[in-house]
4 protein chains.
Amino acid sequence: MKKINVSILGASGYTGAELIRLLKEHPRVNISHLTASRHAGCKLPEVFPHLGGITDLELSSSDPSLIPDDTDVIFAALPHGASAELIGEIYERDVKIVDLGADFRLREGTYRDWYGDHPCTHLLEDAIYGIPELNAEQISEAKLVANPGCYPTSSILPLAPLLKNGMVKTNGIIIDSKSGASGAGRNPSLDLHFCEVSEGMKAYKIGGHRHTPEIEQVFSDLLDENVEVVFTPHLIPISRGILSTIYVNLSGVYQTRELLDALGQFYKNSSFVRILPEGTFPNTSCVKGSNFCDIGVKTNPEGKTAILVCAIDNLVKGASGQAIQNMNIMLDLPENLGLECVPLYP
Amino acid sequence: MKKINVSILGASGYTGAELIRLLKEHPRVNISHLTASRHAGCKLPEVFPHLGGITDLELSSSDPSLIPDDTDVIFAALPHGASAELIGEIYERDVKIVDLGADFRLREGTYRDWYGDHPCTHLLEDAIYGIPELNAEQISEAKLVANPGCYPTSSILPLAPLLKNGMVKTNGIIIDSKSGASGAGRNPSLDLHFCEVSEGMKAYKIGGHRHTPEIEQVFSDLLDENVEVVFTPHLIPISRGILSTIYVNLSGVYQTRELLDALGQFYKNSSFVRILPEGTFPNTSCVKGSNFCDIGVKTNPEGKTAILVCAIDNLVKGASGQAIQNMNIMLDLPENLGLECVPLYP
Amino acid sequence: MKKINVSILGASGYTGAELIRLLKEHPRVNISHLTASRHAGCKLPEVFPHLGGITDLELSSSDPSLIPDDTDVIFAALPHGASAELIGEIYERDVKIVDLGADFRLREGTYRDWYGDHPCTHLLEDAIYGIPELNAEQISEAKLVANPGCYPTSSILPLAPLLKNGMVKTNGIIIDSKSGASGAGRNPSLDLHFCEVSEGMKAYKIGGHRHTPEIEQVFSDLLDENVEVVFTPHLIPISRGILSTIYVNLSGVYQTRELLDALGQFYKNSSFVRILPEGTFPNTSCVKGSNFCDIGVKTNPEGKTAILVCAIDNLVKGASGQAIQNMNIMLDLPENLGLECVPLYP
Amino acid sequence: MKKINVSILGASGYTGAELIRLLKEHPRVNISHLTASRHAGCKLPEVFPHLGGITDLELSSSDPSLIPDDTDVIFAALPHGASAELIGEIYERDVKIVDLGADFRLREGTYRDWYGDHPCTHLLEDAIYGIPELNAEQISEAKLVANPGCYPTSSILPLAPLLKNGMVKTNGIIIDSKSGASGAGRNPSLDLHFCEVSEGMKAYKIGGHRHTPEIEQVFSDLLDENVEVVFTPHLIPISRGILSTIYVNLSGVYQTRELLDALGQFYKNSSFVRILPEGTFPNTSCVKGSNFCDIGVKTNPEGKTAILVCAIDNLVKGASGQAIQNMNIMLDLPENLGLECVPLYP
C-alpha cells in the first residue's frame, strides 16, 4: 500500500523525537523530511543519539521550499508564532497539517491576550481543535488540526463527558495538575537544570498558565456558555507524565458508580481512554510511553462533589501520540493505527 | 548546664533516625536510650549505617522498665495503638512526652472511627495537640504533646491564621497535597518498592485518608464550628517533602498582598514559617532537611478565591523537627534551639 | 499466517510484564497462557494495572498440566530451581523453551558452587546459552535456550569479539557494572525500598555476584582456556538500564579506531548492537525500552589498554527482549521480528 | 570570642551555597561578604530561595576592593583562571585563602597542559594542596590552600595510606568514579537538563578528565615516583554524592582485614573518615550533607588484588566541607569545628 509521506517541522525537541519514535512503528508512514533550524545539516542521531540506526535522515533548515512535493502530512512542532507563520506559507499545498503548538488552538482575541498578535489569522477559522474522542467527525474533514496542549488533554477527557451530560456543574471546577519536566521542552534553563528539579516539587504560573484559556474555551464551546476553571500546574521530578486531580461540584446526587458508568459509556468505543474500576486510581507510570489516558473517580459520601483523576503521558496522549491519532482520523485510518504500543513499566 | 536526657521509642524508622540527626545538634540534649523491638541488641549503625560514628548506643527492646530513671523527655515514634499503650504504662513518671504518632491527636469518637478502640482513653484529655505556632502556651504547660501529622502541619499553618481572622470561608476548602515517599515509613511493601514509585505519581486514599479528621478537628476547634475539608494526598517520587496546594473561598474581596500581610503579621515572631514575597511560591527542595515551612499565596483577579501553597520537609517540620520544637517549648527553651539547620540544597 | 502460541510462566515479575509488552507487538505471537502462583485467579491488570485493556487473560497457577496443548513456545521467568524443576516436567512436549533464569546457564559443577544442587541435571547438556550475536546457529537448533543474565549480556557483547580475535588479553579484565533497580525484581525488601535507593548509589556483592561465573564460563568456552574476570555490580537509582565500564589490556598496540572497526565488522549484520562513533559513549537512557546494545571504546594514548563501555536495558536486551530474539531464531524468524521498538527518550 | 570574618567569592554556585549552609552552623564564623558578579545587587535569597531568612547579605560584584578590610578568611569558588587572577590581586592582604577551584592544585607545567597558561604563577609555590588527613601540618602554616577536587578527594583518601605503606602497587590503579550532577555546577546546559540526566547514566571524558593529573600528582609526590592512574568519571542521576570504585594490585598477599586495619590505623584520629566493617560497603546516601568519607575494602581470595570503595558528598567533603576543614586547621581550630552535621538520610 502506498506509504504516507510525513514531514516533521521542529524535530529536535522532545515532541519531535516522540513523533519519530511513534511514526517508525506506524505501518503506513514514511518519514521523509525533518527540520531543525539550529541543527540544519546534522544527522538525526547527532541530536538524538537514541535514534541511531533508526533513520539516517539529515535535519534540514525550516525553509518551506525544502519540504518535498510529495509530502502528505506535515507535523509542526515549532515555537508559537513561528508555527503559524510557516503554516501560512505552505497552506495552499495539498497536505494535511497537524500543529502541535498553540497557534491554532485559541480564538483570535484570546490568542492575542495570552500570546500576542496572531501572524496568520485567516487560517484560524479553518483549524479544528483535535480531541479525537470529542470531535472525530470534524477532524476527519479538517485540513489543519490544532493538537491540544498536554494539560488541557488531561483536563478535557475526564470532564467533557460529565459537563456535556450535565452531571457536573460548570462553576467551581478546580484542576490541580502535576507534570513531569519534559513538558517544558529541551531548551536548557536554570529552572530545568537537573539539580534544581530533582528531589523537589513546586506550583508555578499560578493563575496565569496559558493552558487555562484553552481549557475554558473548550468547555465554553461544548456547553455554549462561559465556563471558568481554576488551573494550577506543578513541576514534579520525573521526565514524563501528567496527573490532573480535578475537583467538581455535581449537579445532582450521584455515586461514584454512576459517574464511572457515564464515562465508560462515553468512551466505550475509544481505543485509548481507560476508565479504571471503582476504588482504583491512575498512576502516570501506567501510561508511560503509551497513548492511554487513565481516569479514576470518587464522589464524596453525600454524592454532591467528586474528584476525577486523570493520567496521561504528556509527550504521547498529551502531544505526539494524539497528533498521530489526529492524522489517522484525517486520513480515514483507524484512530489507533501504529499507536498501540504498550506502556513501559517500570 | 545539665543535659536533658532523651529517650526515643521506635528509633528504627525514618522519624526515629531524624530525631537522632536533629537531637545530635541540640546543645542541651543527651540521647540516652533508644528502642527498636525488631532490632533489640543491635548497634544503631547496623540499622542506620549513616549514623556510624555518631552514637554507639545499642537499640533496646520496647520494655518500658528499660527506660532509664533519669530520662527527662520521651519521644514515641511507634505505630498507633502501641504508642498509647506504652505511654499509658509510663505516664506516672516525671517525664515530658511527645508522641509522634496518631494516638493522642483525635478525640475519642473520631479516633475510634478512623483507627479503632483507643487503648488509653483516660490520657486523651491531658494531651495537647502541638502546633507551636498556634498554641505555644498550652504546649509549654503540657506533659503529653500529640505531635501533628505531616499533612495536617502543611495544611494548618497556611490556613489557620486566615480562618481565625475570618478572611477565608470555612466551606469549600480543598487541600491537594503531594508527599515524598518517606512519609509512608520504612517498612518494605510493593507500593513503596523503588521501581513502583520512581517515574510515577498517583493520588491515593482519596476521600479516606486518616489525616482528614485531624485537619477538620483542628479547624473546628479553632473556630468553634464544624469545618469540613476535601483532602487528597498524592505520592511523588522524592524522599522528602510535602507540597500542599490549597484552594479557598475568601469571605470578602482581598488581594494577594492582604493575605500575605495577614500571614506575615501572624508569623512575625515565628522562627520557622517563611511567608514568601508576592509572586513567588514554595519548592519543597528549599526546605529539605530544615524545620522551615514556606508559604506562598495568590488570589484570583476578583479577589474572591485564593490559592495557598505550603512546603515542608515531612520528616522535619512534619514530624521530628516539630517534635523537638514542642520539646523546647515544654522545657521553656527557645523554640528554635538546636533546630536552626539550613536547608540542604540541592 | 498461523500464530505462535506462547505461554509465560512467572508473569507477575518485571521480566514477565516485559515479555507481555514486547510480545503484544510481535506480529506472529499469540499470548495464550500466563502463570503466577501467588496471583492465580487474578486478571492480569490487577497485578499490572498498566496492562489494563491489553489482554484479559487470567493468571493461572504454575501447574504444568494447565499449559495448553497447543503451546508452541514457553518462556520461564521463574526463580532458579523452580524453573528447572518445571521445565523437567514438561520437557517431553513438542515445545520450544526459553528459560530467563539461571538454571541452564552454568555447567553442573559451577551451578552447584553458586546456586546449590541442580534439580534437573540431565537437561543441562541440551541447553544452549543464547547470545544470538555469538551463536545463532546453535540457538536455531535448540529446544531449550538459557537466556543470559543482564550483567553478562552487557559484558559479553563488547568483549567477546575482541577476545575472540585476540586483540584483548584474557588477564586483568575488570568489569565495573552499574544497574537500575528493576534488575533486582519486584519482591519488596528494605534494600529496594524507594527511600533506600533514591539519591544514593553503592557497590554490592563485591567479588561474589552469581553473574561472575556466568561471564567467566562464556569467555573460557569461547577461547578454550580458563578466563577470570573481576566483576563489580552497583545499584543506581533508576528503574532500567545497565552500564558496564570494562577495563582491558590489549595484546598489541591498537588505537580506538581499530577496536571500533573490529567491533563494527563483527556486528555488521546485527540488528541490535550499535557501535558508537569514535569519541562518543553510551548512555543507558538511549536504549531504554529497546533491544539495543550500545558500545563505545577508547584506548589509552599508548594503545596498550582500552576502556569499553556498554549500555543495555536490563529488562530488554538483558532479559525479555533477548529471550524473544532467541525465540525468533529458534523458530527461523528474522531475529528482530517484533523487536524493533524505538528507545523511549526521555 | 572574636568572630572570624569570612568572605565568599562566587557565592551563586552550588559550592558557594554549601559554604554558606555549613558556615552558618560554624560557632566562630561570621559571613561578612559575598560576591556573585552576575547577580551583583541581589539579595542572596533571590538567587537561592532556600536561604531566605538565613542571611540578608547582598551579593556584591567581584571587585576585590569591596572585600572588607577586616576579612580574616577568603573562600574563592570561582571559575579557574578568574580565581588565580583575583587571588593575585589580594594576596598581600593579611588573610587566609582557600581556593576551591583548580588554579593552585597543579604544578605549572601540568596546569598549562590541562587548563592553559596560569595567570599567577608566582603564587604556585606558596599554595598547599589541602587534604587535611594527609598534610594537616603544612596546611596549618599555609596562607593559601588549594582545596582538592571532588573526584581526587574520593580517590586519594582510600588509596594514599595503602600506597604510602607499600601495600598497594603503583601500577595498574583503576578508578571508576560515579558522580551526582551537582559536581558539574549550576550553569544550565543541555547535558545537565533534567530530562537528559534523569533515568540515565553514562561515562564521560574517558581518558581526559582534568582530575586525572591532580590524582597522579598527589600520588607521585607522596611516593616520589611517577604514578599513573586510569580514571573514568560517570554521571549518575542524583544531585549529591561520589562513589569511587578503585581496583588495585597488592604488593604482597593481604586479606581484607589487613587492609582495613591499615586504613583504620591511619585514620584513627580522623574526624571524618569512617572505615566500614568487613563485608559492608559505602552508599553515598549515608554521607549526604556531611563531611564524612566512607571507605570499604575487599581483597580477592588470593589476596593479590583489592577493591576499595569510597563515598563522599561531592559538595561537602568533596568541596565546601573540606574547605572549611582546611580553614579550621589554618586557624588552629579543631578540624571538625562546625562540621559535625549528621548525614541527611534518606
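In which helix of chain C is Ile20(C) found? Ile20(C) belongs to helix H1, which covers residues 14-23 of chain C. The model described here is predicted.

**Fold of chain A**

- Chain A contains 10 helices and 14 strands. Its radius of gyration is 20 Å, close to the 20 Å that the globule rule gives for 346 residues, so chain A is as compact as a globular protein of that length.
- The C-alpha trace of chain A spans about 60 × 45 × 40 Å along its principal axes.
- Of the 346 residues in chain A, 59% are buried.
- When contacts in chain A between residues at least 6 apart in sequence are considered, 71% of them join residues at least 24 apart.

**Domains of chain A**

- Two domains are assigned in chain A: domain 1 runs over 4-126 and domain 2 over 151-314.
- A distance of 27 Å separates the C-alpha centres of domain 1 of chain A and domain 2 of chain A.
- Eight residues from domain 1 of chain A and seven residues from domain 2 of chain A take part in the contact between these domains. On the side of domain 1 of chain A that touches domain 2 of chain A, four residues are nonpolar, two are polar and two are charged.

**Contact between chains A and B**

- The contact joins 36 residues of chain B to 36 residues of chain A.
- Chain B is superposed on chain A by a rotation of 180° with 0.0 Å of shift along its axis, at an RMSD of 0.0 Å. This is the relation of a two-fold axis.
- Why do the copies meet through the same surface? The reason is that 100% of the interface residues of chain B are also interface residues in chain A.

**Contact between chains A and D**

- Chain D and chain A are also in contact, with 15 residues from chain D and 15 residues from chain A.
- Helix H7 (residues 194-197) of chain D gives the most to the side of chain D that touches chain A, contributing three residues.
- Eight nonpolar, five polar and two charged residues make up that side of chain D.

**Surroundings of Ile20(C)**

- Ile20(C) is buried, because 24 other C-beta atoms lie within 10 Å and the cut-off for a buried residue is 20 or more.
- Apart from its neighbours within four places in sequence, Ile20(C) contacts Ile8(C), Ala11(C), Ile31(C), Leu51(C) and Thr55(C).
- Ile20(C) and Gly10(C) are 10 residues apart along the chain, and their C-alpha atoms are separated by 11 Å.

**Backbone features**

- Most residues other than glycine have a negative phi, and most peptide bonds are trans. The residues below depart from one or other of these patterns.
- Lys205(A) is not a glycine, yet its phi is positive, at about 45°. Lys205(A) is located in the loop between strand E9 (202-203) and helix H8 (211-223) of chain A. Lys205(A) counts as partly exposed because it has 14 C-beta neighbours inside 10 Å.
- In chain C, Lys205(C) likewise has a positive phi, near 45°. The loop that holds Lys205(C) lies between strand E9 (202-203) and helix H8 (211-223) of chain C. With 13 other C-beta atoms within 10 Å, Lys205(C) is partly exposed.
- The peptide bond that joins Tyr345(C) and Pro346(C) is cis, with omega about -5°. Pro346(C) lies in the segment after helix H10 (316-330) of chain C.
- A cis peptide bond also leads from Tyr345(D) to Pro346(D), with omega near -5°. Pro346(D) is found in the segment after helix H10 (316-330) of chain D.

Key. Residues are numbered from 1 along each chain as its sequence is written. Chains are lettered from A and ligands numbered from 1 in the order in which they are written. This is a predicted model: local features need pLDDT of at least 70, side-chain atom pairs count only at pLDDT 80 or more; totals for chains, interfaces and linings use all residues. Two residues are in contact if their C-beta atoms, placed from the backbone, lie within 7 Å. Helices (H or I, at least four residues) and strands (E, at least two) are DSSP runs, numbered from the N terminus. A residue is buried if 20 or more other C-beta atoms lie within 10 Å of its own, exposed if 12 or fewer, and partly exposed in between; C-beta atoms are placed from the backbone. Domain bounds come from an automatic or database domain assignment. Ala, Val, Leu, Ile, Met, Phe, Trp, Tyr, Cys and Pro count as nonpolar, Asp, Glu, Lys and Arg as charged, and the others, Gly among them, as polar. Copies are superposed by least squares on the C-alpha atoms of residues with pLDDT of at least 70 in both. The radius of gyration is taken over C-alpha atoms; the globule rule is 2.2 Å times the number of residues to the power 0.38.
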